[in-house]
Amino acid sequence: MNHSWLKNIDTQLIEYLNNLNRHNNSFEYSPAKRGLTKSGERISLGFSCYAIKILFTLNEWDKIDKIKKNDWINYIHSFQQTRNPLPINSYIDNEIYNFYKNPSIKNTFKDKAKKTLNIVANKEYKLREASFQEAIRAESKQAISTLFQIGEKNKLPYKDFPIEENQIFSFLNSLNWKNPWSAGGQVAAIAVFSKTQLSEEKFHISTLNLYKFLGKISDKDSGLYYKDKLPHKGEAINGAMKVITALDWMDKEIHYPKKLIDFCLSTKPSSHGCDLVDIVYVLYKCLLQVDYKRKEIIDYMDDIINLIHLHYRRDEGGFSYSIDKSQEYYYGLKITNGGNNADLHGTILLTWALSMIFNITENNKFRWRIIKP
């Protein structure tokens, strides 16, 4: 591989991150340098977590002095609170809370229309309250997993997840596995919470039940995780990524890694940030388990790097989520105007993707660490 644009990428990423710092030496980071909406100017928690993970990946976190580290950790802790109608000890960003609790007239009308269509036309549109709960659960997972990554733990216990066998199977069977990305994300959240919130004994029991369920929806022909009809390739790989995230936290093996490798290699990679990192993650985790088609995977990664390059904004030093625009939405909130510039979400995703690619290709120039999603 000869990708000269990567020559000083680590330095450029650190400079980009510094430029997103809202106040000198603070723990608040903007989603992008320009084109922010009012929500984008105020949202905080998730992007502070992204910054920590980028610094961890680039081996910069360990260089921060102990006092600043502790202050930053306490800043993340400060978001943990209890507010109705959310689960006790959730991690709550006020901007997300206010968005869902005080909807605009337009969003209220949309929710009522969805509710009507669900009843009259037998649709399955996700309503605002469900999206609110999922957004806060995802933010809580993000904060707890970030703290875990740097050897810390949330101060107050988080308990909003199924633990007993009947609870786990009831919850997982209630999910829409025709949409494995969303359903798999819920499994990943349970795995993170089980690993970080339960005793070793309870974690062991919980993972046995989770693994038992995942075994029932694993497809021996494709290696994918779904129910009923095979989803389109992008959705299928994204769903597998979420399930493998859960398996990673549970320290359990992928059911059919060779089949998954074959499926991924037969798929033309999408250029979207999430799609790129998802297929890299699936191949990376499968290759850790089985030494299968390594050369083909390395060649495939060369194409992935070329796609990642299209997201790189040299003038800024970061990556955009899409090739020609920044990430516009974050859990339903419009945070940028989608301009042709880098954004923090795209940067964390593609930095993570590169860290795995460097490991697969044994690129010793970049000894980046790989985060646990």
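Reply: Start with the naming of elements. Helices (H or I, at least four residues) and strands (E, at least two) are DSSP runs, numbered from the N terminus. By that numbering, Lys 293 lies in the loop between helix 13 and helix 14. The model is predicted, so local features need pLDDT of at least 70 and side-chain atom pairs count only at pLDDT 80 or more, while totals for chains, interfaces and linings use all residues. Residues are numbered from 1 along each chain as its sequence is written, and side-chain values use heavy atoms, with hydrogens and water left out.

Me: Is Lys 293 buried, exposed or partly exposed?

Reply: Buried means under 20% relative accessible area, exposed over 50%, and partly exposed in between (1.4 Å probe, protein chains only). Lys 293 has a relative accessible area of 33%, so it is partly exposed.

Me: Which residues does Lys 293 touch?

Reply: Contact means heavy atoms within 4.5 Å. Not counting residues up to four places away in sequence, Lys 293 touches Ile 261, Asp 262 and Leu 265. For scale, take C-alpha distances. Lys 293 and Lys 268 are 25 residues apart along the chain, and their C-alpha atoms are separated by 17 Å. Lys 293 and Leu 55 are 238 residues apart in sequence and 32 Å apart in space, C-alpha to C-alpha.

Me: Where does Lys 268 lie?

Reply: Lys 268 lies in the loop between helix 12 and helix 13. Lys 268 has a relative accessible area of 77%, so it is exposed.

Me: Which residues of helix 12 are buried?

Reply: Helix 12 covers residues 257–265, and its buried residues are Pro 257, Leu 260, Ile 261, Phe 263 and Cys 264. They cover an arc of only 165° around the axis, which puts them on the same side of helix 12. The arc is that of the directions from the helix axis to the C-beta atoms. What covers these residues includes helix 11 (233–250), helix 13 (273–289) and helix 14 (294–311).

Me: How do I describe two packed helices?

Reply: Two packed helices are described by the angle between their axes and the distance between the axes. Axes are lines fitted to C-alpha atoms, for helices over the stretch in contact, and angles run from 0 to 180 degrees between N-to-C directions. Helix 12 and helix 14 pack at about 35°, with their axes 11 Å apart. On the helix 12 side, the contact is made by Ile 261, Cys 264 and Leu 265; on the helix 14 side, by Glu 296, Ile 297 and Tyr 300. By class, the residues of this contact divide into five nonpolar, no polar and one charged. Here Ala, Val, Leu, Ile, Met, Phe, Trp, Tyr, Cys and Pro count as nonpolar, Asp, Glu, Lys and Arg as charged, and the others, Gly among them, as polar.

Me: Is the crossing of helix 12 and helix 14 left-handed or right-handed?

Reply: A crossing is left-handed if the near helix is turned anticlockwise from the far one by less than a right angle, and right-handed if clockwise. The crossing of helix 12 and helix 14 is left-handed.

Me: At what angle do helix 8 and helix 10 pack?

Reply: Helix 8 (residues 165–174) and helix 10 (residues 200–217) pack at about 35°, with axes 10 Å apart. Their crossing is right-handed. The contact of helix 8 with helix 10 has five nonpolar, three polar and three charged residues.

Me: Which residues touch the most other members of the largest nonpolar core?

Reply: In soluble globular proteins, nonpolar side chains tend to be buried together. A nonpolar core is a set of buried Ala, Val, Leu, Ile, Met, Phe, Trp, Tyr and Cys residues joined through side-chain atoms within 4.5 Å. The largest one here has 119 residues, and Trp 72, Ile 76, Leu 214 and Ile 308 touch the most other members. Helix 15 (residues 344–360) gives the largest share of this core, 11 residues. Beyond four places in sequence, the contacts of Ile 308 include Trp 5, Leu 276 and Phe 319.

Me: Which peptide bond is cis?

Reply: The bond from Asn 84 to Pro 85 is cis, with omega near 5°. Pro 85 sits in the loop between strand 1 (80–81) and strand 2 (90–91).

Me: What is the phi of Asp 251?

Reply: Phi is positive, about 60°, although Asp 251 is not a glycine. Asp 251 lies in the loop between helix 11 and helix 12. Its relative accessible area is 55%, so Asp 251 is exposed.
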